[in-house]
Amino acid sequence: MLFKFLVSKVKRKNSIIILIPYFGRWPEWFALFVETIKRNSTIDFLFYTDCDTSLLDAQNIKVRSLTFSDYISFVNQVTGLNFNPPNAYKLCDLRPLFGYIHQVDFKDYDFYGWCDVDLLFGDIRSFYTDELLAKYDVFSTHSHRISGHFALFRNNEKNRTMFRKIYRWKEALYHPDFVGIDEHGITNAYVQNNLHKVNDKFKLRLPEKFLNKLSFYKTRKLYLKEQYTTPFVFKPWLDGTLNSQQPDTWYYIDSKITNNRDVARNFIYIHFMNFKSSQWRHDGTKAPWEGKEKICFATPKDMVKGIIIDNYGIRPL
């Protein structure tokens with residue numbers, strides 16, 4: 001009995017759960033995304049969704065089936081808000097409140113987090129090791145802000161209630177459009193909330209970059225490390241390239257993610273954002289998947305030998 005108890009305690013060390021509220025229709029590559037979840041078997045994923053759940057059949061996947069309106073009712077009941085999002089995409093602005101809203105779902109876990117579904121995961125724990133998880137309280141795959149596509153938080157009162165320090169957080173939630181407080185808003189709450197209030201009160205017009213640098217000493221418990229997961233951005237790549245000059249050919253082979261340029265490097269995940277949409281491509285180039293009828297030509301079975309992600313879509317190697 002003692003041996004079984006000790007084993008169970010070891011298995012629970014630095015336990016992680018990732019929340020994914022998703023409503024509408026799964027993306028074309030969703031079966032591949034789920035396969036990468038299954039391969040991260042020591043991390044649990046919790047879906048709140050009205051989509052078909054037949055693919056969500058792994059031991060590390062939990063499902064709550066409900067409608068979008070029922071989920072919003074649940075959120076408002078827990079928070080006392082009158083949150084009335086016009087679409088499911090607006091839920092991204094709700095992410096800083098996840099730790100508070102889903103306390104019951106997260107109660108048995110050391111860390112909770114969020115992620116997008118337009119990505120494929122590599123081996124998450126090889127990047128966020130037990131040593132790092134013991135040392136830091138917040139994990140981001142960006143060096144300059146908490147990342148919206150994937151982030152982790154230690155399950156403590158400070159993190160669960162940090163949303164209250166986001167500048168005008170209720171206004172952001174009640175705004176009909178996506179505002180982005182899951183990135184800049186929550187980052188500012190951790191590193192410079194008071195400076196923003198002073199800046200606004202006295203109309204100092206101090207630039208955000210300056211405010212970030214001025215109070216960055218407060219980020220000692222934040223593991224903000226650029227993981228280069230999202231190509232075609234204005235931030236310099238590993239080789240200094242920008243925007244459309246960044247790596248455009250990626251590979252997933254048996255839980256390892258690489259590209260045709262950084263051949264010796266594994267990546268924690270590949271994020272499809274700028275492959276599928278031109279919205280965030282800052283050099284005016286068109287996203288190669290935009291407008292295509294079919295993008296994904298690979299299946300989970302292809303992921304052992306490998307798949308390629310490039311301008312033509314997602315295909316078997």
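Q: Which element gives the most to the lining of the largest pocket?
A: In this predicted model, local features need pLDDT of at least 70 and side-chain atom pairs pLDDT 80 or more, while totals for chains, interfaces and linings use all residues. Residues are numbered from 1 along each chain as its sequence is written, and side-chain values use heavy atoms, without hydrogens and water. Among the elements that each supply at least two lining residues are β4 (111–115) and α10 (181–191), helices (H or I, at least four residues) and strands (E, at least two) being DSSP runs numbered from the N terminus. The most, four residues, comes from β1.

Q: Is T187 buried or exposed?
A: T187 is found in helix α10, and it touches H144, R145 and I146, not counting residues up to four places away in sequence (contact means heavy atoms within 4.5 Å). Its relative accessible area is 5%, and since buried means under 20%, exposed over 50% and partly exposed in between (1.4 Å probe, protein chains only), T187 is buried.

Q: Which backbone oxygen does the side chain of T187 reach?
A: A polar atom of the T187 side chain lies 2.8 Å from the backbone nitrogen of I146. At 2.6 Å, the side chain of T187 also reaches the backbone oxygen of E183.

Note on methods: A polar contact is a pair of N or O atoms within 3.5 Å; within protein, one must be able to donate a hydrogen and the other to accept it, and residues adjacent in sequence count only if both atoms are side-chain atoms.
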